[in-house]
Amino acid sequence: MLAGAALTGAAPAGAVPAGDRISSGVGYRQFDVRAAKGTVHVHLLTVDLTDRHVRVDLLTPGAVAARARVSAMADATGAVAGVNGDFFNINETQHPGVEATGASVGPAIAHGRVLKAAVPTAQRFGPSLPPGTATTDVLGVGVDGRARLDRLTLAGSVRTPAGKLTLRGLNQYALAQGSVGAYTAAWGSVSRRRATCGSDTDRAAGCSTDTYEVQVRHGRVVAVSATPGSGAIAPGTTVLLGREGGADRLRALVKGDRVSVRERLVRSASRIPYRFAVGGYPVLRDGEPLPGLDDNVSAVRTAAGYAHGGRRLLLLALDGATAYRRGLTIAEVASEMRELGAVDAFSLDGGGSTTMVARTAGAKTVSVLNHPTDSPERAVANGIGVFWKP
């Protein structure tokens, strides 16, 4: 890779050259910003999406219900740079004995393949959403190579001998009350019990005891169970999990029944299919901060935005070193992204998750550019990877 000074990690302003080149089409710089609660140190990747050598895609741990460090995901896929992604199911202190899945909150698309849909709003992890935003919000890059903000909503159905059921979940750590969700090989091996916990209004609500699972392989029911299962799901197999009313509908199925499962994510704004999409929430639209953004709570943040009609992607991560840990409010994030030239901007997971990595001159692996507040680097659900090919 072509690069300037070695970027072995974040440093106080002035200790590393202000600008650097990770590769053609991918630049890096760091600088200080004065915020309401003190000075913060910013790390910024700039990605030219018109460069034919450059592409952006989702970094994943290999399964929806899994976690890995950004540096490990980048090295495993050959990314030259990247940042952490969506908020995720980080713990289950509210449901003792239930395994945290590590799965992300919002929709996810990698390499043009849909991995999952969004959990109900009340079941999300992370700070309160700004007014008018939802767990279905995404930042994505289309097959045309342009970045966009959009919403991706699940549309799915289950056809059974008794009629058609509406599918309301796809590889999600939480399902709406009374619903049926589908789990595929992309989910991983973690228990699906978490999906039946919480309610449509309270993430801390208890776990349902009224559940039912049906395994469908190559269009036929092959197994049923009264409790959510775990373990890897074989390719060609879909597990249908229902709670309350959804469980009642699934109990009508028996081994050998023909069942057809269909699902897709519907785009609300774009006609262009997405090659990559990650969840979070918008903070800037058409050059203006969203109304009602929080301007009180400061934290270490990660954000993404774009300019030039979606042809230039900006990836921002704050430094978590003690001297800079005061951070920015969400309102300040929106303002800073606008100052950097973004027209639309998107908040990603922050705090101990905030991580930026890049490959230095001559290196075969990436280095962490900022000081994450978690030490060692926190394992996260996914990330945004920047890739370069000759």
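Reader: How many helices and strands are there in the chain?

Author: In this predicted model, the chain holds three helices and 27 strands.

Reader: How is the overall size of the chain to be read, and what does the radius of gyration say about it?

Author: The radius of gyration is judged against the value that the globule rule gives for the chain length. Here it is 21 Å, close to the 21 Å given for 390 residues, so the chain is as compact as a globular protein of that length. Along the principal axes, the C-alpha atoms fill a box of roughly 65 × 45 × 35 Å.

Reader: What share of the residues counts as buried?

Author: A residue is called buried when its relative accessible area is under 20%. By that criterion, 57% of the 390 residues are buried. The accessible surface comes to about 15200 Å², and carbon and sulfur atoms account for 49% of it.

Reader: Which contacts join residues at least 24 apart in sequence, and what is their share?

Author: The share is taken among contacts between residues at least 6 apart; 71% of these join residues at least 24 apart.

Reader: Where is Q123 placed, and is Q123 buried or exposed?

Author: Q123 belongs to the loop between β8 (113–116) and β9 (137–142). With a relative accessible area of 0%, Q123 is buried, because the cut-off is under 20%.

Reader: What does the side chain of Q123 reach?

Author: Polar contacts are read atom by atom, within 3.5 Å. The side chain of Q123 makes one with the side chain of R194 at 2.9 Å, and the backbone oxygen of C197 lies 2.8 Å from the Q123 side chain. Beyond four places in sequence, residues in contact with Q123 include Y173, L175, R203 and R243.

Methods: Residues numbered from 1 in each chain as written. Predicted model: local features only at pLDDT ≥ 70, side-chain atom pairs only at ≥ 80, totals over all residues. Heavy atoms only, no water. Helix = DSSP H or I, 4+ residues; strand = E, 2+ residues; numbered from the N terminus. Rg over C-alpha atoms; globule rule 2.2 N^0.38 Å. Buried < 20%, exposed > 50% of the residue type's maximum accessible area, 1.4 Å probe, protein only. Contact = heavy atoms within 4.5 Å. Areas by Shrake-Rupley, 256 points an atom, 1.4 Å probe, with all protein chains shown as cover. Polar contact = N/O pair within 3.5 Å; in protein donor to acceptor, adjacent residues only side chain to side chain.
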